Amino acid sequence: MIGFALLVANLLGDYLWQNDWIAQKKVSDRDDPKTFSPIACLLHVFLYTLACFGCVELVNHALGNEMWPIWAWVIIAITHYFIDRYRLASVWMNYSGQKGFKEHMGPWSIIIVDNTFHLLISFAVALLVLAQ
């Protein structure tokens with residue numbers, strides 16, 4: 001149930017709650033002075049983490065589970081910031097031999113890798129919380 005909550009949260013935070021301004025300005029681009037400010041990325045991370053918090057804690061409440069500790073939300077937020085701000089999915093694809101996949105299937109291939117990173121981190125955090 002938590003896994004489904006994290007998937008729904010990813011869809012909310014990365015798609016439904018992300019407008020054009022956030023999507024265009026959240027990435028750090030040295031050649032574009034308009035993306036120098038991290039405000040758009042910080043807003044996106046806040047909304048994404050809020051979606052995760054809401055979905056997960058709604059399920060936790062329904063199942064009678066305890067709330068996740070604050071460190072879980074901090075990990076999700078910080079990793080999301082770096083993945084999105086510095087295009088780490090694109091960087092990964094360049095260094096892992098996926099340039100063809102990136103160039104011929106872009107931008108969807110980058111979006112898929114980006115979401116895979118976010119979901120893997122959420123999965124790892126969920127496992128760490130369960131291991132407590």
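What is the volume of the second largest pocket? In this predicted model, the second largest pocket has a volume of about 230 Å³, while the largest pocket has a volume of about 410 Å³.

- Helix α7 provides the largest share of the lining of the second largest pocket, with five residues.
- Sorted by class, the lining of the second largest pocket consists of eight nonpolar residues, three polar residues and one charged residue.

**The largest pocket**

- The largest pocket, with its volume of about 410 Å³, is lined by 20 residues, of which Q18, K26, D84, I111 and D114 are the closest to its centre.
- Five helices, namely α1, α2, α4, α5 and α7, each supply at least two residues of the lining of the largest pocket, and the largest share, four residues, comes from α7.
- The lining of the largest pocket contains nine nonpolar, five polar and six charged residues.

**The cavity**

- Rolling a probe the size of a water molecule over the atoms shows where empty space is left.
- When the whole structure is searched, one cavity of 30 Å³ or more is found, and the largest cavity has a volume of about 40 Å³.
- The largest cavity is lined by Y48, I76, T79, H80, H118, I121 and S122, and helices α4 (70-85) and α7 (108-130) each supply at least two residues of that lining.
- The lining of the largest cavity has three nonpolar and four polar residues, but no charged residues.

**The nonpolar core**

- In soluble globular proteins, nonpolar side chains tend to be buried together.
- The largest nonpolar core here has 18 residues, and those that touch the most other members are I2, V56, W68 and I76.
- Two or more residues of this core come from each of α1 (2-16), α3 (39-63), α4 and α7, with α3 giving the largest share, six residues.
- V56, one of the residues that touch the most other members of the core, is in contact with I2, A5, L6, W68 and W73 when its neighbours within four places in sequence are left aside.

**Helix α5 and what follows**

- Within helix α5, which covers residues 88-95, the buried residues include A89, S90 and M93.
- Seen down the axis of α5, its buried residues fall within an arc of 100 degrees, and therefore they line one face of the helix.
- An α-helix has 3.6 residues a turn, so residues three or four places apart point the same way.
- The cover over the buried residues of α5 includes α4, α6 (99-105) and α7.
- After α5 comes G97, whose phi is positive, near 80 degrees.

**Q24 in helix α2**

- Q24 lies in helix α2, which is made up of residues 20-25.
- Q24 counts as exposed because its relative accessibility is 56%, and exposed means over 50%.
- Although Q24 and C41 are 17 residues apart in sequence, their C-alpha atoms are 9.6 Å apart in space.

Key
Residues are numbered from 1 along each chain as its sequence is written. This is a predicted model: local features need pLDDT of at least 70, side-chain atom pairs count only at pLDDT 80 or more; totals for chains, interfaces and linings use all residues. Side-chain values use heavy atoms; hydrogens and water are left out. On a 1 Å grid over the protein atoms alone, a cavity is a set of points where a 1.4 Å probe fits but cannot get out, and a pocket is an open set with protein on both sides within 12 Å along at least five of seven lines; lining residues have an atom within 4 Å of a point. Grid points are joined across faces, edges and corners, and a volume is the space filled by probe spheres set on the points. Ala, Val, Leu, Ile, Met, Phe, Trp, Tyr, Cys and Pro count as nonpolar, Asp, Glu, Lys and Arg as charged, and the others, Gly among them, as polar. Buried means under 20% relative accessible area, exposed over 50%, partly exposed in between (1.4 Å probe, protein chains only). A nonpolar core is a set of buried Ala, Val, Leu, Ile, Met, Phe, Trp, Tyr and Cys residues joined through side-chain atoms within 4.5 Å. Contact means heavy atoms within 4.5 Å. The arc is that of the directions from the helix axis to the C-beta atoms.
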